[in-house]
Amino acid sequence: MPPKSAPTPNLSVEHLRLTSLINSMADGVMAIDEQAKIVLYNAAALNILDINTTMQQMPLRDVLKVFGKDGKPVDIEALVAATKIPATNRDYLLHYTDGSTANLYLSIAPVHRGYGQAGERGFVLVIRDITREKSLEEERDEFISVVSHELRTPITIAEGNVSNAELIASKSGDMNLVKQALKAAHDQIIFLSDMFNDLATLSRAERGRLTVEGAAINISTLVRQLATNYAPQAAAKKLKLEVDIDPTLEALNSSELYVREILQNFITNALKYTQAGGIVIGARPAAGGVELWVSDSGIGISRGDQEKIFAKFFRSEDYRTRSTNGTGLGLYITEKLADLLKAKITLTSELNKGSIFMIYVPNLQ
Ligand code: ADP
């Protein structure tokens, strides 16, 4: 009997296995030989590099054109050749032919056998489009810097006023001055507390933790309640506060909590940004839901600002806005809550005439 020989490995099956393995990876994989020619790659690499032809035997520098943080092109082949131990970098940019860019994660690892001729040296590159992660990181950094900036001013003012009150109490003892300083500190602490409430609602809304519990709302009662609640603030500014409720209104199926919160934001703004005249809170039936609005005869919003007021932390540069306290978060949160209710906000405003914030709230199924 002839001796049994060891089975020769079926190379094409092995190759197929390997190809299907790397093709199932979400990261782009490329293997190059010592001459920096591509000898193996997967579908994700084609996708990330936006290439729809074969890359086999193409020089690496022709397919992977990366730029550094400084915007300068990186000599990818020199970079790879200089890599002695596996290295990763998250700061590269990939430029596409249509002018767009992507943030690129690139990992380079030297391999000593296998990808070209057996025994040759080569490299395996892993690439990943991390544009979204990068933009989230940037957004988070910006958010932290804006919040800490916004908190610094009120804390400084409150601290200054409290130490002033202490000083006056120990020196002249003039109680009126002490009271004034404490009131100024108190105002800032109230502002900080508003800010924390806004940030807490915001964080829940952004994480999608807020859920909508729909129930029948008596809109007419809600609007009248709000008018009663805000009557003292309107009276203090000598503003008229009226309601305009369509008598044919029927119950609305939505979240009373969020509808109330949205209207409260509109009303507090109307009160804040109106010096004379009045405010109307209105409600009328609309197809499949209700339309609610808060109109004021206040400072109005310029066309340019109208596009921006729902943005996070936006406050108009208008000195009349700057002379009031505000976090610039109210309308941003309002819009998030409106999204949860599938509601739509429309704004009509004219500078120095007034504004109407209208919201269409549909019946939730
Ligand atoms: P805040 O009132 O705390 O500044 P908001 O997000 O509620 O923040 O509003 C953003 C900006 O929109 C305000 O700073 C102001 O410039 C403008 N704004 C909102 N409501 C009105 C209004 N009723 N009249 C005039 N300007 C308004």
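Of the 52 residues in the largest nonpolar core, those that touch the most other members are Ile219, Phe266, Leu292 and Ile359; such a core is a set of buried Ala, Val, Leu, Ile, Met, Phe, Trp, Tyr and Cys residues joined through side-chain atoms within 4.5 Å, where buried means under 20% relative accessible area with a 1.4 Å probe, protein chains only. Helix α8 (residues 256-272) supplies the largest share of this core, eight residues. Another core, of 26 residues, lies apart from it and includes Tyr41, Ile76, Val80 and Leu94.

This is a predicted model, in which local features need pLDDT of at least 70 and side-chain atom pairs count only at pLDDT 80 or more, whereas totals for chains, interfaces and linings use all residues. Residues are numbered from 1 along each chain as its sequence is written, and side-chain values use heavy atoms, with hydrogens and water left out.

Six strands form an open, antiparallel sheet in the order β2-β1-β6-β5-β4-β3, two strands being paired if DSSP finds at least two bridges between them. Strands β1 (residues 28-32) and β6 (residues 122-129) pair over five bridges, and Val29 stands opposite Val126 in β6. The edge strands, each pairing on one side only, are tabulated here.

| Edge strand | Residues |
|---|---|
| β2 | 38-41 |
| β3 | 66-67 |

The axes of α8 and helix α11 (residues 330-340) come within 10 Å and cross at roughly 150°; the two helices are therefore roughly antiparallel to each other, a term that covers angles over 145 degrees. Residues making the contact (heavy atoms within 4.5 Å) include Phe266 of α8 and Leu337 of α11.

Notes: Buried means under 20% relative accessible area, exposed over 50%, partly exposed in between (1.4 Å probe, protein chains only). Helices (H or I, at least four residues) and strands (E, at least two) are DSSP runs, numbered from the N terminus. Axes are lines fitted to C-alpha atoms, for helices over the stretch in contact, and angles run from 0 to 180 degrees between N-to-C directions. Angles under 35 degrees count as roughly parallel, over 145 as roughly antiparallel, 65 to 115 as roughly perpendicular and the rest as oblique.
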